[in-house]
Amino acid sequence: MSGMNYDVVVIGGGVIGCAVARELSRFQLKTCVLERDEDVCSGTSKANSAIVHGGFDAEPGSLKARFNVEGNRMMGQLAEELDFDFKRNGSLVLCFAEEDRPALQKLYDKGIANGVEGMSIISGDEVRSLEPNVEDTVVAALQVPSGGIVCPFGLTIALAENACENGVEFRFFTEVQNIGKTEDGYVLETSKGQITAKYVVNAAGVYADKFHNMVSEKKIHITARKGDYCLLDKEAGGIVTRTIFQLPTKMGKGVLVTPTVHGNLLTGPTAADVEDKEKTATTAEDLDSLMRRASLSVKDIPFRQVITSFAGLRAHEDGDDFIIGEAEDAEGFFDAAGIESPGLSSAPAIGVYLAELIAEKAGAGKKADWNGKRKGIVRPELLSKEEQAELIRQNPSYGTIICRCEGVSEGEIVDAITRTLGAKSLDGVKRRVRQGMGRCQAGFCTPRTMEILSRELGIPMEEICKNAPGSEMLTGQK
Ligand SMILES: Cc1cc2nc3c(=O)[nH]c(=O)nc-3n(C[C@H](O)[C@H](O)[C@H](O)COP(=O)(O)OP(=O)(O)OC[C@H]3O[C@@H](n4cnc5c(N)ncnc54)[C@H](O)[C@@H]3O)c2cc1C
């Protein structure tokens, strides 16, 4: 791969890198995404609350406020164009004490300043009539109808597939190690050799400070801030229909309780700064604390129905805002750094903003044959009985259920593996079709999915990994 030249190189295949790549794919630019892992959506974008925030929380005038509100407005149409799961379920921010009403009002005022539409402050009784399982102690709430929930894997993978279909190259297992300036751009030293580019987009998540600081004297600093979650079985998914936030009070920063777009219940996150940017292990202490705090909002959360716990790392920059745009003293180097929450919500708007900046600087015109539509994997459970029967008649593998918890068929798994930027590992399949995301957490379907991966990729079972090499599922026979 040495000697590869591009107009634009994007470092990082998270939701931000993929959103920028998809928007860049509109333009006549030779673009490449470099990702150190085996797949897109392997970093923070895979482990978060998956909320499309309304945008009431960020400081007015901040980049977080601007891109959150813009991204929220874009999400519905994008979900239609790219066929990923998104639902505008609305959110409520609960206020537990009369003395906290001014803080609730302040949140409303911030929302108004940020351009959030449709908000209102409602009484405790109104809250309980909307959400009967909310605690009796709630005195009022901020209602935000524009809040939503999204599948973060679905969003990121859809953006990446559409970028790829429109000509963007994706290079996996390609770790950027160093960046140097050339006469008209940058040279990137990677684990797979040297790559040059006129423009670089730094979308490396918690590592974005490292790359920014390689080319700029105006140093930035990102702290990884860990958030733990508990995910509950779908049986618990109906306890609330809206996303339930807590007003930050003297009891501490609240945790949320929300249905997921696939019908599970999610509670979390905690917040703890960690030194190690790879440290995504949950702790019993944090999980205990989040269960206690979630119980302040919603009655009788059935925590015995927890099916998994996980943690994600926020990329918190010292300046407490997103850093987006061309670095002041590094021409052609574009940051998307410090993209902590609401980064997922903001991704579509950040993508448009950065791609347009770069295209303008490069003087690049639009492609005539750009196709912004992408069709997701066919899901038989969403079809009518007649359509299901026809699908199975045409391709019987859609009638063979592999993952019983989530009802995932062999046909869907084959599609996940063989489509554009298809899955190469068990995790890759899981993020595309939810195989293994149910109650048994892949206890039963793993061997069958491995057989399908082995057959479709033409590799022996011993080489099938959970994700990266080193995570092989079998040791093989000697
Ligand atoms: C606990 C928590 C809760 C959150 N909740 C929400 C929410 O509800 N709503 C919301 O809008 N946002 C939320 N967020 C924020 C959101 O998840 C992030 O802003 C978003 O996922 C960041 O995407 P990214 O692409 O910048 O980073 P990432 O997804 O981390 O992507 C960066 C990529 O860069 C790659 N990379 C790193 N170093 C290199 C290298 N040297 N070479 C090549 N590739 C490299 C990584 O492997 C990774 O894939 C939350 C975040 C956390 C942690």
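These exercises look at salt bridges and a domain interface in a predicted model.

**Exercise 1. Decide whether the side chains of Glu23 and Arg26 meet in a salt bridge, and say how accessible each residue is.**

Step 1. Recall the cut-off: a side-chain nitrogen of Lys or Arg must lie within 4 Å of a carboxyl oxygen of Asp or Glu.
Step 2. Take the distance. For Glu23 and Arg26 it is 2.6 Å, N to O, and the pair forms a salt bridge.
Step 3. Turn to accessibility. Buried means under 20% relative accessible area, and exposed means over 50%.
Step 4. Classify Glu23. Its relative accessibility is 7%, so Glu23 counts as buried.
Step 5. Classify Arg26. Its relative accessibility is 23%, so Arg26 counts as partly exposed.

**Exercise 2. Find the distance between the side chains of Asp37 and Arg36, and classify Arg36.**

Step 1. The N to O distance is 3.9 Å, and the two side chains meet in a salt bridge.
Step 2. Arg36 has a relative accessible area of 35%, so Arg36 is partly exposed.

**Exercise 3. Work out which parts of the chain the salt bridge between Glu235 and Arg439 ties together.**

Step 1. Check the pair. The closest N and O atoms of Glu235 and Arg439 are 3.4 Å apart, in a salt bridge.
Step 2. Glu235 and Arg439 are both exposed.

**Exercise 4. Describe the interface between domain 2 and domain 3.**

Step 1. The domain assignment gives domain 2 as 91-145 + 223-315 and domain 3 as 380-463.
Step 2. Locate the centres. Taken over C-alpha atoms, they are 33 Å apart.
Step 3. Count the residues in contact. Domain 2 gives 7 and domain 3 gives 6.
Step 4. State the buried area. It is about 520 Å², with 37% from carbon and sulfur atoms.
Step 5. Asp233, His262 and Ile307 supply 61% of the area that domain 2 buries against domain 3, more than any other three residues.
Step 6. Count the links. Between domain 2 and domain 3 there are 3 salt bridges. Across this interface, 5 residue pairs are in polar contact.
Step 7. Sort the residues of domain 2 that touch domain 3. They divide into 1 nonpolar, 3 polar and 3 charged.

Conventions: Residues are numbered from 1 along each chain as its sequence is written. This is a predicted model: local features need pLDDT of at least 70, side-chain atom pairs count only at pLDDT 80 or more; totals for chains, interfaces and linings use all residues. Side-chain values use heavy atoms; hydrogens and water are left out. Buried means under 20% relative accessible area, exposed over 50%, partly exposed in between (1.4 Å probe, protein chains only). Helices (H or I, at least four residues) and strands (E, at least two) are DSSP runs, numbered from the N terminus. Domain bounds come from an automatic or database domain assignment. Contact means heavy atoms within 4.5 Å. Buried area is the accessible area (1.4 Å probe) that two parts lose on being put together, summed over both. A polar contact is a pair of N or O atoms within 3.5 Å; within protein, one must be able to donate a hydrogen and the other to accept it, and residues adjacent in sequence count only if both atoms are side-chain atoms. Ala, Val, Leu, Ile, Met, Phe, Trp, Tyr, Cys and Pro count as nonpolar, Asp, Glu, Lys and Arg as charged, and the others, Gly among them, as polar.
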